Amino acid sequence: MRPIPPKLRQELAGDEYYQICSRRDENCSGRITWEHAFTYAGRQINEKWAIIPLCENHHLGKLLNKKINHRIALARATKEDLKKYPKLKIYV
């Protein structure tokens with residue numbers, strides 16, 4: 001696990017989006033965690049668009065689904081964000 005830099009962590013903590021599970025449904029349970037949805041060149045991407053909030057059940061439990069997490073993160077990315085990662089493997 002790659003730690004989130006303090007400046008980015010502070011930005012995420014102040015953003016309401018990161019307080020609720022991005023996959024919220026009847027299966028949500030546990031505290032909110034932040035998942036690095038993508039890795040690139042063997043390292044987790046530490047950018048706001050690539051980190052999504054998930055409850056423990058969707059992040060650390062049996063309901064972890066990287067395809068769904070990729071879709072959520074990609075919906076938040078801009079074309080400029082993605083230009084930085086030309087060989088990004090996307091599973092959707």
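User: What share of the accessible surface of the protein chain belongs to carbon and sulfur atoms?

Analyst: This is a predicted model, in which local features need pLDDT of at least 70 and side-chain atom pairs count only at pLDDT 80 or more, while totals for chains, interfaces and linings use all residues. Residues are numbered from 1 along each chain as its sequence is written, and side-chain values use heavy atoms, with hydrogens and water left out. The accessible surface (Shrake-Rupley method, 1.4 Å probe) of the protein chain comes to about 6100 Å², and the part belonging to carbon and sulfur atoms is 53%.

User: In which loop does Glu47 lie, and is Glu47 buried or exposed?

Analyst: Helices (H or I, at least four residues) and strands (E, at least two) are DSSP runs numbered from the N terminus, and Glu47 is placed in the loop between β3 (43–44) and β4 (51–55). Buried means under 20% relative accessible area and exposed over 50%, with partly exposed in between (1.4 Å probe, protein chains only). Because its relative accessible area is 17%, Glu47 is buried.

User: Which side chain forms a polar contact with that of Glu47?

Analyst: Leaving aside neighbours within four places in sequence, Glu47 is in contact (heavy atoms within 4.5 Å) with Leu8, Asp81, Lys84 and Tyr85. A polar contact is a pair of N or O atoms within 3.5 Å; within protein, one must be able to donate a hydrogen and the other to accept it, and residues adjacent in sequence count only if both atoms are side-chain atoms. At 3.4 Å, the side chain joined to that of Glu47 by such a contact is that of Lys84.
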